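Here is a short briefing to read alongside the model. Take a moment with the fold as a whole before turning to a single residue.

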Amino acid sequence: MPQATLTLHPDFRIGDVDPRLFGSFLEHLGRAVYGGVYEPGHPQADKRGFRKDVLEMVRELGTPVMRYPGGNFVSGYNWEDGVGDAGARPARLDLAWKTLEPNSFGTNEFIEWCREAGTEPMLAVNLGTRGKDSARYFVEYCNHAGGSNFSDLRAAHGHREPHNVKLWCLGNEMDGAWQIGHQTADEYGRLACETAKMMKWADPSIELVLCGSSGRAMPTFPEWERKVLEHAWEHVDYISLHTYLRKTGDDTPNFLAQSLQMDHFIREVVAACDYVQSVKRSKKKINLSFDEWNVWYHSIDEHGKHEPWQFAPPLVEDTYTLEDALVAGCMLITLLRHADRVRIACLAQIVNVIAPIMTRTGGPCWKQTIFYPFQHASKYGRGTVLDTRPCCPVYDSRDFEAVPYLESVAVLNEEQESLTVFAVNRHLEDALDFQVDLSAFARLHVLEHIVLDHKNPLATNTEENPDRVKPRTAKTPAIKDGTLKVSLPRLSWNVIRLGRKG
Ligand code: AHR
């Protein structure tokens with residue numbers, strides 16, 4: 001059996017996890033909003049039309065922040081269309097996804113939904129077709145206490161108390177030719193700088209995310225980062241990055257290794273931020289908002305082929321396999337290992353659209369395979385990430401060299417006196433004999449070893465069979481002479497939870 005080892009010490013730390021690392025994303029896209037979170041008339045809908053069954057699952061994920069309303073959608077969105085008398089809102093052609101947007105769900109509905117879901121809103125402003133004015137008025141509408149045109153309008157719309165939205169994105173993927181109002185780095189950098197200034201003048205307490213590259217393969221990366229940061233440095237707090245991983249052919253080893261490119265991307269964006277910091281002779285550090293990440297390839301062939309201008313057609317609805325959950329798990333581990341610089345991350349998306357939660361419009365909802373690694377990381381991954389150097393055998397794949405069979409990270413929670421090790425075994429055939437040196441920790445014992453695996457790596461959860469892939473509790477491993485010995489099944493996601501003895 002191949003062996004892997006990990007040595008943990010409470011003094012060797014990467015950084016504290018910002019809970020917003022476990023954020024997610026709701027876009028006006030396909031059935032994410034309509035038929036996903038919002039479906040008036042559904043047997044599970046509350047009086048506002050929010051699906052209670054979906055809300056319950058979102059709460060189970062414990063996601064502290066939710067990005068909205070896009071995505072590509074935001075670059076053609078007028079926020080004013082989605083507020084006020086629901087019966088008087090205009091239906092619009094959404095050019096991003098070629099669908100009909102009725103605007104019956106808008107900012108106030110979203111904020112109310114967030115309060116129900118136990119999450120904080122992260123709003124994006126439209127820098128595609130609109131700009132500074134609309135952005136500063138949007139901040140005023142949401143956050144100003146009262147006595148001004150837009151804050152009074154909010155009150156007239158039934159929301160006397162300000163929404164206090166703290167986190168805002170300055171547009172979306174402005175480097176991409178597919179984006180409504182695509183710009184060059186200099187054009188966007190100038191616009192973002194001036195918009196950011198005005199938004200912060202309207203509410204100095206907000207934090208702003210500048211658009212970085214929509215992917216590592218973009219031809220403008222990393223010059224885009226350098227230029228936009230040089231323009232907007234003084235007025236922004238984070239820079240975004242997005243990554244969707246895909247499987248090509250049936251090359252599982254290469255697919256499982258894809259998270260390594262996310263790791264490289266993070267390192268490169270950190271380097272770009274720190275480069276501009278030194279150019280600017282600045283004390284300020286810009287951190288990263290990985291505000292779109294996931295696995296996305298199952299629905300790629302259907303892309304753009306639907307009949308245009310339909311209301312809420314099923315778009316981008318990937319059905320995830322066990323393998324996909326392992327890649328999502330590797331991505332979560334990667335984000336945690338960079339917790340010192342990646343402060344915000346959003347699993348894209350939350351319901352129906354490349355999502356952990358699926359619904360049938362008019363029917364039930366169920367959990368996809370990727371639900372579980374995300375839920376575990378969100379629940380047990382809060383605290384301080386320890387600095388570790390795992391040792392294990394490696395393999396070469398089509399795109400990567402020296403891919404470790406083990407992907408792992410450990411998070412110490414001093415308040416709860418607990419330690420959690422997350423681990424993925426990438427090996428297609430063999431279990432990994434995993435030994436964790438815990439001698440630097442006194443009186444720890446294993447609370448639980450959770451495993452997500454399946455005899456068929458392509459197994460999925462569906463409406464008919466919603467629990468085919470779900471976590472199980474493995475036999476509790478023992479700690480002997482300060483070393484934890486545990487077997488990680490082939491192709492598995494593992495959560496080993498340790499706590500202090502009485
Ligand atoms: O999440 C789906 C889409 O992917 C988003 O709208 C866009 O930002 C990205 O390209």
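Of the 502 residues in this protein, 62% count as buried. The model is a predicted one, so please read the values below as computed from it.

**Overall fold**
- The protein contains 10 helices and 26 strands.
- Its radius of gyration is 23 Å, close to the 23 Å that the globule rule gives for 502 residues, so the protein is as compact as a globular protein of that length.
- Along the principal axes, the C-alpha atoms fill a box of roughly 70 × 60 × 50 Å.
- Among contacts with a separation of 6 or more, 77% come from residues 24 or more positions apart.

**Surface and charge**
- About 19,200 Å² of the protein is accessible surface, and carbon and sulfur atoms hold 50% of that area.
- There are 56 positive and 67 negative side chains, and the centres of these two sets lie 4 Å apart.

**A closer look at Asn254**
- Which residues does Asn254 contact, leaving aside its neighbours within four places in sequence? They are Ser397, Arg398, Asp399 and Phe400.

Key:
Residues numbered from 1 in each chain as written. Predicted model: local features only at pLDDT ≥ 70, side-chain atom pairs only at ≥ 80, totals over all residues. Heavy atoms only, no water. Contact = heavy atoms within 4.5 Å. Helix = DSSP H or I, 4+ residues; strand = E, 2+ residues; numbered from the N terminus. Rg over C-alpha atoms; globule rule 2.2 N^0.38 Å. Buried < 20%, exposed > 50% of the residue type's maximum accessible area, 1.4 Å probe, protein only. Areas by Shrake-Rupley, 256 points an atom, 1.4 Å probe, with all protein chains shown as cover. Lys, Arg positive; Asp, Glu negative; His and termini not counted. Charge placed at Lys NZ, Arg CZ, Asp CG, Glu CD.
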